[in-house]
Amino acid sequence: MSISKDVAKVQPSATLAMSSKTKAMIKKGVDVINLSIGEPDFTTPEQIKQAAIDAIKSGKASFYTPAGGLPELKQAVCDRIKLEDGVEYNPNQVIVTDGAKFSLFLIFQVILNEGEDVLLPEPFWVSYAEQVHLAGGNAIAVKTTGKDHKVTVADLDRSITPSTQALVINSPQNPSGLVYEADELEAIGNWAVKHDILIIADDIYSNLIFNGHKFTSIVTLGDEIKKHTLLVSGVSKTYSMTGWRIGYVLGDEKIIKIMNTVASHATGNPAAVSQYAAIEALTNDQSDAKKMRQAFEDRLNIFYPKIANLPGFDLPTKPQGAFYLFPNVKKAVSLCGFNNTEEFVNALLEEAHVAVVSGKAFSQPDNIRFSYANSKENLLEAYDRIVKFLNNHGVTVNE
Ligand SMILES: Cc1ncc(COP(=O)(O)O)c(C=O)c1O
């Protein structure tokens with residue numbers, strides 16, 4: 001039996017791998033605090049669950065839907081983006097997919113020829129690079145030298161190649177939680193327009209913004225920038241709907257149409273019941289989403305100062321969005337006597353029973369990613385365990 005060369009090169013998702021290891025330990029009865037997973041810890045709000053139950057009971061969830069999603073859902077996506085970002089799209093410019101992850105997968109399948117390049121500012125989410133490889137492209141990691149390691153035009157100028165097709169901008173960012181300011185995005189957008197490069201704006205965390213910071217989508221910064229952008233988002237993070245698998249893309253009608261054709265041969269359509277649930281999420285009362293956002297903000301405000309204060313943990317800027325902290329722990333790793341971050345992360349899991357992800361998965365091997373999508377009690381307990389762990393390895397923490 002032989003396996004395709006391209007597929008054989010693909011790396012498993014490190015975040016999912018860490019999460020499975022953690023879940024296996026939990027199953028064995030070990031009391032692990034899991035800060036490795038990128039999903040809200042709340043269950044989906046009741047009214048959304050009820051809409052799904054109603055769709056099942058009425059029979060309307062029993063059937064195939066159009067490959068790119070129900071017309072009502074595409075309209076709901078346009079209406080929500082209009083309300084939140086103030087930009088107009090029509091339903092022909094929308095495709096609904098099985099999660100934003102599949103939106104991104106489809107985009108790379110549709111836009112890339114063999115050997116073409118996609119620019120990924122560091123740090124970047126695990127799946128972008130592997131999805132680019134699966135589409136036959138090259139993932140070009142862009143060293144970032146701007147404020148808080150955000151990407152600048154100079155960084156992009158240094159990284160562009162004759163085969164560059166696209167650039168991924170993710171704000172709020174996974175894994176750092178950093179949010180791009182409008183002027184930073186505008187400069188990037190104008191650069192992409194000038195070089196005729198497609199921007200893939202991964203706005204999946206757009207509603208998780210904290211402490212008075214403001215989210216700007218790059219599509220709001222001028223018509224030309226909007227035309228050059230595919231906006232990717234979904235319901236997973238805002239509405240605690242990771243298991244329902246609904247994401248979407250808004251942008252150029254021609255690209256959307258081809259994505260639709262590819263999706264029709266790949267998945268048929270996203271599960272009908274999930275689409276009805278997503279309509280409810282996007283169109284009706286947003287108070288549960290607001291409450292969950294507030295809970296993440298409270299947790300950030302508790303957890304950030306503690307983690308930033310740990311010896312050898314370098315995290316000078318408080319994240320403004322998503323639900324992650326991404327400190328550089330190079331010093332802590334060496335103070336504790338480990339050879340690398342992986343050893344540190346494994347020992348933290350095995351000795352302290354705290355699961356985090358090594359930054360290698362996000363192209364920054366000296367960092368670790370904490371997800372604070374967990375209860376305040378667990379976050380405080382995780383902190384106490386980390387303090388004890390550091391003490392056991394000869395590092396004193398001044399609290
Ligand atoms: C940056 C980023 N983009 C996209 C996704 C995909 O989200 P989903 O497939 O659940 O819609 C995730 C999920 O972790 C993410 O962190």
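**Group meeting: a predicted model and its ligand site**

Lys290 first: this residue sits in helix 12, which runs over residues 287-308. Bear in mind that we are looking at a predicted model. Is Lys290 buried or exposed? Its relative accessibility is 59%, so Lys290 counts as exposed, since the cut-off for that class is over 50%. Now take a distance from there. Lys290 and Leu178 are 112 residues apart in sequence, and their C-alpha atoms are 20 Å apart in space.

Next, the annotation. The UniProt record, an unreviewed entry, places "domain: Aminotransferase class I/classII large" at residues 31-386. In this model, that span is 43% helix and 13% strand. Its end C-alpha atoms lie 14 Å apart.

On to the ligand. How many residues surround the ligand? The number is 13, and the closest are Ala100, Asp202, Ser236, Lys237 and Arg245. Sort the shell by class and you get five nonpolar, four polar and four charged residues. Which element gives the largest share of that shell? Helix 5 does, with three residues.

Now the contacts to ligand oxygen atoms. For Ala100, a backbone N or O atom lies 2.7 Å from an oxygen atom of the ligand. For Lys101, a backbone N or O atom lies 2.9 Å from a ligand oxygen atom. Ser236 uses its side chain instead: an N or O atom there is 2.7 Å from an oxygen atom of the ligand. And the cover? On its own the ligand has 390 Å² of accessible area, and the protein covers 93% of that.

Let's stay with helix 5. The helix covers residues 99-111, which is 13 residues. What span should we expect for helix 5? At 1.5 Å a residue, the helix should span 18 Å. Its end C-alpha atoms are 19 Å apart, so the two values agree. Which residues of helix 5 are buried? They are Gly99, Ala100, Phe102, Ser103, Leu104, Leu106, Ile107, Phe108 and Ile111. Read that list with helix geometry in mind. An α-helix has 3.6 residues a turn, so residues three or four places apart point the same way. Ala100 is on the buried list, and Ala100 is also among the residues closest to the ligand.

Back to Arg245, another of the closest residues. Arg245 is in the loop between strand 7 (229-234) and strand 8 (247-250). Its relative accessibility is 31%, so Arg245 counts as partly exposed. Check its backbone too. Phi is positive, about 60 degrees, although Arg245 is not a glycine. Most residues other than glycine have a negative phi, and most peptide bonds are trans.

His149 also has a positive phi, about 65 degrees, and is not a glycine. You will find His149 in the loop between strand 4 (138-142) and helix 7 (153-159). At 53% relative accessibility, this histidine counts as exposed. Its C-alpha atom is 9.5 Å from that of Ser176, 27 residues apart along the chain.

Now the peptide bonds. Where are the cis bonds to look at? One joins Glu122 and Pro123, with omega about -10 degrees. Pro123 is in the loop between strand 3 (117-121) and helix 6 (126-134). Another cis bond runs from Ser171 to Pro172, with omega near -10 degrees. Pro172 is in the loop between strand 5 (164-170) and helix 8 (182-194).

Two last positions. Leu282 belongs to helix 11, residues 272-283. Its relative accessible area is 3%, so Leu282 is buried; the cut-off there is under 20%. Then Glu399, in the segment after helix 15 (376-392). Buried or exposed, this Glu399? At 69% relative accessibility, Glu399 counts as exposed. Glu399 and Ile3 are 396 residues apart in sequence, and 53 Å apart in space, C-alpha to C-alpha.

To recap the site: 13 residues surround the ligand, helix 5 gives three of them, and the protein covers 93% of the ligand's own accessible area.

Key: Residues numbered from 1 in each chain as written. Predicted model: local features only at pLDDT ≥ 70, side-chain atom pairs only at ≥ 80, totals over all residues. Heavy atoms only, no water. Helix = DSSP H or I, 4+ residues; strand = E, 2+ residues; numbered from the N terminus. Expected span 1.5 Å × (residues − 1). Buried < 20%, exposed > 50% of the residue type's maximum accessible area, 1.4 Å probe, protein only. UniProt positions renumbered as here; feature names shortened; annotations may be inferred. Near = heavy atom within 4 Å. Polar contact = N/O pair within 3.5 Å; in protein donor to acceptor, adjacent residues only side chain to side chain. Areas by Shrake-Rupley, 256 points an atom, 1.4 Å probe, with all protein chains shown as cover. Nonpolar A, V, L, I, M, F, W, Y, C, P; charged D, E, K, R; others polar.
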